[in-house]
Amino acid sequence: MIARIKSGITFWRVIIAIIFTTGLYATYVRFFMGFKASTNLSDQMPWGLWVGLGTLCGVGLSAAGFGISAAVYLLGMERYRPILRASILISFLGYLTVCAGYLYEIGLPWRFWHPIVMWNHESVLFDVCVCIMTYTTVLTFEFAPAVIEKLPWKVLRETVLYLHHKILIGVVLMGVLLSSMHQSYLGGLYLLVSGKMHPLWYSQYMHAMFYLSAIPAGLALTVMAIYLSMRSLHVRVDFSILSDCGRMIQLLLIVFAFFRFLDLLANQALHYAFQRTAEAGYFWLEMVLFLAVPIFLLSLEQVRSNPEKLYWACAVVVAGFMTNRLNVSINSLQAGLGAHYVPKWTELASSVLVIAAGVLAFRYAVIYLNILPKAKVQSFTRWMSNGGLPAQA
Amino acid sequence: MPGQKAILVDIKRCIGCLGCETACKQLHGFGTDPEPTLSDTAFTVVETRGDKFVRKICMHCQEPACASACPVGAISKSSLGPVLYNADKCIGCRYCMLACPYQVPRYQWTKLAPFVKKCDMCSTRIGKGGTPACVEACPAQASVFGNRDELIAEGWQRIRSDSSYVPRIYGVEELGGGCVLFVSDVPFEKLGFKPAPTGNQPMPTLTASALGDSPKVVIMGGTILSALYWVTQRRREVALAEAEEKAAINRVKGERSQS
């Protein structure tokens, strides 16, 4: 008996247990003791880690869903169909974590529905709220077949799937437009902080920058998730698809780097990067992690053709992306707002709890639903299906 | 706009008695201990800058950044002048605090049901023809209340009659102007007035262009995507038809070679 319990205690289970206990305690502190007890936010720094990590990173890293679904459904790139459901699932869970985070962030969470009925067209945040709500619904719709096809009643199942198929393209189209809109609007939120944000980040094209940077990051997270599912959940996806994603990520990063550089030039902000300030340090960290290292790594054939190396290259992309979003939401603003903000542990613990819940949900969805093709054959590093064409290997 | 009320603050005349601060706190029942900066229990404070005293207070902008930021429209500019906060709508997102160029709105961080707090220019009092409590308490005519147009004239009157004044009324045009005006005998930059990030452009113009583009982008993006979808579908149909044709030809050829 004791031996069984002992063998049940694995490294990751302990980590999950720690995340859930600390996270649930942090949640208790947030909802029953208030902001003062649970955050280091202040009048000078009204937005902190929850916005930076929970919302900006959460939405940005969920960008693959609309990218891949546009590629497959609208552009006819059938090659990516095997990873379509996985990317939609990641986006869906990503948006659910954002919605959960929203309840932590707002001071009066029981009024979460107010933006649905109280409109302010002038407000970028209103548009973000509406887009995220609508797009979460769209993602639910796009993901629904994975659950519906498991229903035991044949007639109901097939009727629903038939109707679903009839309107799918329209919904996908709407989803692509909606997510393009709010990916950029999240950057648009920071247009109003003109004069408070460090010039290395502030730009009148904030929204475009957010849009361009989100897609490679979302793709990178999808590659990471699929690699991990291949390693531990018997998922077998043609690796050449992921390899192509790597190439795509690199291309998108180069495009973003180009516009980021042009933008800095246009704002005459480049010289700030060479000052001895904390902001310049954060800027270079972002440049190295998000642009320099991944663009270099992904240009190497041996990285793109090796699952583990590709995984780590994508991990650097995700880390760099998070650096960028935290720089925008926290580091670039501290001086301008006259604030000194270091997140409280409860802020981090509750964010990590929400993310961990998303990761666990992904794991069990992959195990119990038909998200990715599974096969108990061969080592995943050598698995190649027929050019990725058969959706179910 | 005619009929708008405003407060004119004369930094030269201010003696730093904190009368305005105390009166405001008394009116709202906050106790009377002075506070160093604005807080959720201090809607106006008197800050010391060198040997000068500068009142900090909501500027009641003509086109408020906070009102344009609020997702639920809880903040609005009233026709009488003050920028008003509707606690019944607020969800507590705090975007107004981030958006305000003067960093005025404060939050009740310690409460379980926190709200945003800021000066409302005593809107109920002035609605009945009264005067804001802070102005009423001022013994030195350093804060005066009245019609905005008349106060601007009064400001210029003070500047013209005394050459020590800086020839500028802060708050008439900065960021599109507001209903709190300042005159001073020391340059405003030296008193902690930050340069306006958008000059005399109201802050909401920063987001208006990005938001205004969105319908165009949506229509264009939608059209392009639909067109691409049509092209890929058409291509697929053509490829399918060609393959069928080929198969038919092959079948005929096969039949012939057999016979």
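Leaving aside its neighbours within four places in sequence, which residues is A:V318 in contact with? In this predicted model, the partners of A:V318 beyond that range are A:L61, A:A217, A:A220, A:L221 and A:M224. A:V318 also belongs to the largest nonpolar core, which holds 179 residues, and A:V318 is listed there with A:L89, A:A220, A:V223, A:I226, B:C66 and B:C96 as the members that touch the most other members. Helix α10 of chain A, residues 206-232, contributes the largest share of this core, with 17 residues. Another core, of five residues, lies apart from it and includes A:A26, A:L353, A:V354 and A:I355.

**Chain A as a whole**

The secondary structure of chain A consists of 16 helices and zero strands. Its radius of gyration is 21 Å, close to the 21 Å that the globule rule gives for 393 residues, so chain A is as compact as a globular protein of that length. The C-alpha trace of chain A spans about 60 × 50 × 50 Å along its principal axes, and buried residues account for 49% of the 393 residues in the chain. Among the contacts in chain A that link residues at least 6 apart in sequence, 79% join residues at least 24 apart.

One helix of this chain can be followed in some detail. Helix α5 of chain A, residues 64-74, is mostly covered, with 10 of its 11 residues buried; among them are A:F66, A:I68, A:V72, A:Y73 and A:L74. The buried residues of α5(A) pack against α6 (84-105), α8, α9 and α10 of chain A, and also against α7 (205-258) of chain B. Just after α5(A), A:G76 takes a positive phi of about 70°.

**Where the two chains meet**

The contact between the chains draws on 41 residues from chain A and 46 residues from chain B. On the side of chain A that touches chain B, α3 (35-38), α7 (114-117), α8 (124-148) and α9 (154-188) each supply at least two residues, and α9(A) gives the most, with seven residues. By type, the residues on this side of chain A divide into 24 nonpolar, 11 polar and six charged. For the complex, the predictor gives an ipTM of 0.88 and a pTM of 0.90.

**A covered strand in chain B**

Is strand β1 of chain B, residues 5-10, mostly covered or mostly exposed? The strand is mostly covered, since six of its six residues are buried. B:K5, B:I7 and B:V9 point one way from β1(B), while B:A6, B:L8 and B:D10 point the other way, and all of these residues are buried. The strand β1(B) pairs with β8(B) through five bridges in an antiparallel arrangement, in which B:K5 stands opposite B:N147. Four bridges also join β1(B) to β9(B), residues 180-183, and these two strands run parallel; here the bridge partner of B:D10 is B:V183.

**Individual residues in chain B**

Most residues other than glycine have a negative phi.

Another residue of chain B, B:S161, has its place in helix α6, residues 148-161, and B:S161 counts as exposed because it has 8 C-beta neighbours inside 10 Å. B:S161 and B:E47 are 114 residues apart in sequence and 26 Å apart in space, taken from C-alpha to C-alpha.

**Confidence in chain B**

The mean pLDDT of chain B is 90, and 99% of its residues reach 70 or more. Within this chain, confidence is lowest in α7(B), at a mean of 86, and highest in strand β5 of chain B, residues 83-85, at 95.

Notes. Residues are numbered from 1 along each chain as its sequence is written. Chains are lettered from A and ligands numbered from 1 in the order in which they are written. This is a predicted model: local features need pLDDT of at least 70, side-chain atom pairs count only at pLDDT 80 or more; totals for chains, interfaces and linings use all residues. A nonpolar core is a set of buried Ala, Val, Leu, Ile, Met, Phe, Trp, Tyr and Cys residues joined through C-beta atoms within 7 Å. A residue is buried if 20 or more other C-beta atoms lie within 10 Å of its own, exposed if 12 or fewer, and partly exposed in between; C-beta atoms are placed from the backbone. Two residues are in contact if their C-beta atoms, placed from the backbone, lie within 7 Å. Ala, Val, Leu, Ile, Met, Phe, Trp, Tyr, Cys and Pro count as nonpolar, Asp, Glu, Lys and Arg as charged, and the others, Gly among them, as polar. Two strands pair if DSSP finds at least two bridges between them. pLDDT is the predictor's confidence in each residue, from 0 to 100. The radius of gyration is taken over C-alpha atoms; the globule rule is 2.2 Å times the number of residues to the power 0.38.
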